[in-house]
Amino acid sequence: MPKPDIEVLDDGDAYPYSSHISVDGTELQLGDLLLVFDSPDDNGVSFFERIYGFTWPGIITHVVDGPVPAEFHNFEDFAADLDSGKIAVASEREQTSFFVDEDTVRTITLYRYQYQGGWQPILINERRDPLEDTPLAQSVALCDDGEQVIEELLLSNSPEGEQEYEHIQEFLTSAGYQSELIPSVDEALGG
């Protein structure tokens, strides 16, 4: 198996010290999401893995809401899986973290998965203790379009208060969603 072409795309001295690289022409950044399929012909995602770091032999990831906390992909296997369609990359578009209450931090991350038929937004919702790195709860939502992203964040899982609504509204606006498509605070809070 030929060694893939790995290129540093930021100011890192080498790819283990970098946060943005290219593997055989596919850009990867820390925080991007790998979609791992059972087989190249399968459309169902087995695991979602967030890119945590790069080492000399490969990529370190953290499994989102999965049975195994961390995975490792050597560059040769990663390039082959990417080429075969067993792995795909969804780039991080926007992320925000805020206090829901004094004991809970909520992190929302929006990814964009580009494929032959178009693109799909993916939301990861996490809640954790402010003094911990490990989430108390994680969920992944595959959305059909931008309207479903808004619905998922503000209507299906209503914010607990006006401050949480404002954080989500700011997140959606900075992710490029038009403010007139975002429900009002009263609609979101059920009032």
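Strand E9 gives the most residues to the lining of the second largest pocket, three in number. Keep that strand in mind as we walk through this predicted model.

Let's start with the sheet. Eight strands form an open sheet in the order E7-E6-E5-E4-E8-E9-E10-E11, and their pairing is antiparallel. From one strand to the next, the twist averages 30°.

Now zoom in on one pair. Strand E9 (residues 104-115) runs antiparallel to strand E10 (residues 118-128), and eleven bridges join them. Within this pair, threonine 107 faces glutamate 126 of E10. Helix H2 (residues 146-156) packs on the sheet and touches E9, E10 and E11, with its direction at about 15° to that of E10.

| Pocket | Volume | Lining residues | Lining by class |
|---|---|---|---|
| Largest pocket | about 640 Å³ | 24 residues | ten nonpolar, eight polar, six charged |
| Second largest pocket | about 400 Å³ | 16 residues | eight nonpolar, seven polar, one charged |

In the largest pocket, Arg50, His62, Glu126, Asp133 and Pro135 lie nearest the centre. Two or more lining residues come from each of strand E5 (45-54), strand E6 (58-63), strand E8 (87-101), E9 and E10.

As for the second largest pocket, the lining residues closest to its centre are Phe37, Asn43, Ala88, Tyr113 and Tyr115. Strand E4 (33-37), E8 and E9 each give two or more residues to that lining.

Technical notes: Residues numbered from 1 in each chain as written. Predicted model: local features only at pLDDT ≥ 70, side-chain atom pairs only at ≥ 80, totals over all residues. Heavy atoms only, no water. Pairing = 2+ DSSP bridges. Helix = DSSP H or I, 4+ residues; strand = E, 2+ residues; numbered from the N terminus. Axes fitted to C-alpha atoms, helices over the stretch in contact; angles between N-to-C directions. Contact = heavy atoms within 4.5 Å. 1 Å grid on protein atoms, 1.4 Å probe; cavity = no way out; pocket = protein on both sides within 12 Å on 5 of 7 lines; lining within 4 Å. Points joined across faces, edges and corners; volume = space filled by probe spheres on them. Nonpolar A, V, L, I, M, F, W, Y, C, P; charged D, E, K, R; others polar.
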